[in-house]
Amino acid sequence: KAFFKEQSDYYKVLFFKETKPLGTAGSLSFLNGKINSNFFLTNCDTLIDDNYNKIYKNHLIKKNDVTIVISKFKLKVPYGIILHNKDNFKGISEKPSYSFYFNVGLYVISKNILKLIKRNKKMNIDDLIEIAQKRKYKIGIYKISNKKVHDTGNWSQYFKTQKLIN
């Protein structure tokens with residue numbers, strides 16, 4: 001709060017205080033009726049070093065209700081993986097690599113999504129996205145390089161990220 005008080009000439013910031021933990025999406029209920037455009041939502045322990053303007057424009061062009069920013073993660077298993085069916089051996093995959101996309105914790109959300117959130121009710125972001133998808137809202141993705149994602153959610157990642165920004 002102190003930082004933004006000093007920056008009041010540059011930003012208009014509203015603060016809301018939860019009386020109980022509401023989850024990432026549940027706390028968005030405070031914005032209902034107070035916001036009139038799309039907005040970014042980000043996890044506080046993740047820094048994203050990418051072009052937010054491109055992400056936002058993609059959200060608009062694709063006419064998404066929610067855009068989830070994702071990145072590719074490669075996992076190399078250091079062991080031979082046994083392929084089997086119940087107790088029957090099928091083969092060995094020696095030190096395989098797997099690639100998959102993960103949610104980096106950055107979203108562009110359209111204001112119309114806010115009506116899906118009940119006031120003062122706990123809701124995680126994955127629950128909100130699932131509800132939106134079931135109700136036929138358009139959920140899109142935007143891919144970024146994993147070199148642009150800096151997670152500070154644990155101490156080793158925090159120190160690594162701190163070195164990058166200093």
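Trainee: Is lysine 136 buried or exposed?

Mentor: This is a predicted model, in which local features need pLDDT of at least 70 and side-chain atom pairs pLDDT 80 or more, while totals for chains, interfaces and linings use all residues. Numbering starts from 1 along each chain as its sequence is written, and side-chain values use heavy atoms, leaving out hydrogens and water. Buried means under 20% relative accessible area, exposed over 50%, and partly exposed in between (1.4 Å probe, protein chains only). Lysine 136 has a relative accessible area of 73%, so this residue is exposed.

Trainee: Where is lysine 136 found?

Mentor: Its phi is near 70°, a positive value in a residue other than glycine. Helices (H or I, at least four residues) and strands (E, at least two) are DSSP runs, numbered from the N terminus. Lysine 136 lies in the loop between α4 and β7.

Trainee: What is the relative accessibility of asparagine 120?

Mentor: Asparagine 120 sits in the loop between β6 and α4, with phi near 60°, again positive in a residue other than glycine. This residue counts as partly exposed because its relative accessibility is 36%.

Trainee: Which residue in β7 stands opposite isoleucine 70?

Mentor: Strand β7 (residues 139-144) runs parallel to β3, with six bridges joining them. The residue in β7 opposite isoleucine 70 is lysine 143.

How values were computed:
Pairing = 2+ DSSP bridges.
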